[in-house]
Amino acid sequence: MKNIREIFGVSDAQLQSLVAEGLRTGGGWCDLYFEHTAYLDLLLRDSQVGSAGYHIDYGCGIRVLSGEKTGYAYAESTDYSSLLAAAKAAASIAGGASPAQPAQAIPTRQLAGTPGCYRMDQDWMSVEIAGLTPYLERLESEIRRRDSRVVKVVAMLSASVSDIMMYNSLGELSTDSRPLGSISIQLVAAQGEKIESRSVSRSFRTGAEFLTEELLQELAAEAVAGMDESFEASRPKGGRMPVVMAAGASGILLHEAMGHAFEADFNRKGQSIFSDRMGERICRKGINIVDDGTIAGNRGSVSIDDEGVPGQKTYMVADGVLNSYLHDRISAGYYGVAPTGNGRRESFRYNPIPRMRATYMESGSDGTLDDLIGSVKKGIYVDRFSNGQVKIGEGDFTFYVKSGFLIENGRLTQPVKDLNIIGNGPKALADIRAVAGDLKVDNGTWTCGKEQSVAVSCGIPSVLIGKLTVGGE
């Protein structure tokens, strides 16, 4: 088992000295974030290797908090002189009101993260890239075998192993080793003059053992599933109507239109539509919305967040009532609550902020997907989303839907595509009429960009929303 402390070569005395330097101008908090991340990537385009390589990112970020002011600086080295310069820079930016009394050394205490979040039986960095090429070649071949209309395939494999060490002015030391493997396929199919594009992906916090034959067949099948309907699909007539959202990837709407509005920094600054609604009923009884950092192997899981707080499962909405925001240490201090393990950052170059992990709605008790569809006289069923836009303050959203079906008299009829779903997050949440018992957490390569990028995942059971605006013909 690797000794992460040895990677950075910093002693307890040096850690304590760096924190003392960060607090020298009067700051109230200082933390250090050390990172060593090794990456590999491989791209196969139409049976040819397009690019491949390894690279390493390495350094330390130092944060100092002084009241409402944050000082942040980083070094792309962990030699003591570079770290000391970063600590002085962060302290200067935070600009405490007066020099502090010399900080007394606090004994270092090793903190443990949430067990079982991820494992790596086969280290990605021990795998030869050349040995991975046949897997992508077989994946492409299987996709083409399943559907002769496929004219172009791009397969991408990326992986990383991040070794993290954190230390703060409470004397808390945390370490974590985080694997992440991702595979994605983009394809183009042609039928006459019609062209269809598809993308499918999987991502897990695990080692190279996740590249199984079962995964290959699953990806290939999903890549070409429903291709006949895609070529037959058309844009529907628009209007306000009931919408049934499929289990799984439809959770992106939950993430974007509602999850961001539960992040505590938006609420602390009064920018979220939910800023003054803690403890209020915001949707029907029985609905639970969770942000979870503890799902084994999940892309969004964190044994320890990027402030050294153990990963945990947080009920943002419990039985229809707004129960908790998603907190980092700053917002938790402001609200007088415990941090929820949502302090995350893209790398050591970035300040941690409240971010989601795996965000999903728990299963309901309103039957099956067929029951939801059967209850709709005229509406739409959507199963694949693309990009969207959300206004956090107002809660308004627009999402682009890649595919779905009309619902007529309780049955799926004409396939549809290329339409927009328009609504308001709080209103849509309050207008959920039914939640099926088929929760699915989607394991695609979801990445959330809120000033910086982090790996996340999302999920949802099949749900029926009373009315949304469907933008079509």
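Modeller: F210 is buried, because its relative accessibility is 8%. Buried means under 20% relative accessible area, exposed means over 50%, and partly exposed lies in between, with a 1.4 Å probe and protein chains only. F204, at 23%, is therefore partly exposed.

A word on the basis. This is a predicted model, so local features need pLDDT of at least 70 and side-chain atom pairs count only at pLDDT 80 or more, while totals for chains, interfaces and linings use all residues. Numbering starts from 1 along each chain as its sequence is written, and side-chain values use heavy atoms, with hydrogens and water left out.

The whole structure holds 10 aromatic pairs. F204 and F210 are edge-to-face, because their ring centres are 5.9 Å apart and their planes stand at 65°. Here rings of Phe, Tyr and Trp (its six-membered ring) pair if their centres lie within 6.5 Å; planes under 30 degrees apart are stacked, over 60 edge-to-face, the rest tilted.

F262 and F274 make a tilted pair, with 4.8 Å between centres and 40° between planes. F262 sits in the loop between α7 (251-259) and α8 (264-268), and F274 in the loop between α8 and β9 (289-292), so the pair ties together parts 12 residues apart in sequence. Helices (H or I, at least four residues) and strands (E, at least two) are DSSP runs, numbered from the N terminus. F262 is buried at 0% relative accessibility. F274 is buried too, at 1%.

Now α7 itself. Eight of its nine residues are buried, so α7 is largely enclosed by the rest of the structure. Among the buried residues of α7 are I252, L253, H255 and M258.

Other rings also take part in contacts. F8, F34 and Y58 form a cluster linked by ring pairs. R268 lies over the face of Y334, 5.7 Å from the ring centre. R345 puts its charged end over the ring of Y33, 3.9 Å from the centre. A charge sits over a ring if NZ of Lys or CZ of Arg is within 6 Å of the ring centre and within 35 degrees of the ring normal.

Next, the largest pocket. The space in it is about 1200 Å³. It has 48 lining residues, with S199, E222, A249, R384 and F385 closest to its centre. A pocket is an open set of points on a 1 Å grid over the protein atoms alone, where a 1.4 Å probe fits, with protein on both sides within 12 Å along at least five of seven lines; lining residues have an atom within 4 Å of a point. Grid points are joined across faces, edges and corners, and the volume is the space filled by probe spheres set on them. Strand β7 (194-204) gives the most to this lining, with eight residues. By class, the lining has 19 nonpolar, 15 polar and 14 charged residues. Ala, Val, Leu, Ile, Met, Phe, Trp, Tyr, Cys and Pro count as nonpolar, Asp, Glu, Lys and Arg as charged, and the others, Gly among them, as polar.

Finally, the partner of β7. β6 and β7 run antiparallel, joined by 11 bridges. Strands pair if DSSP finds at least two bridges between them. A189 has E196 in β7 as its bridge partner. The two strands form a hairpin with two residues between them, and G192 in the turn has a positive phi of about 65°.
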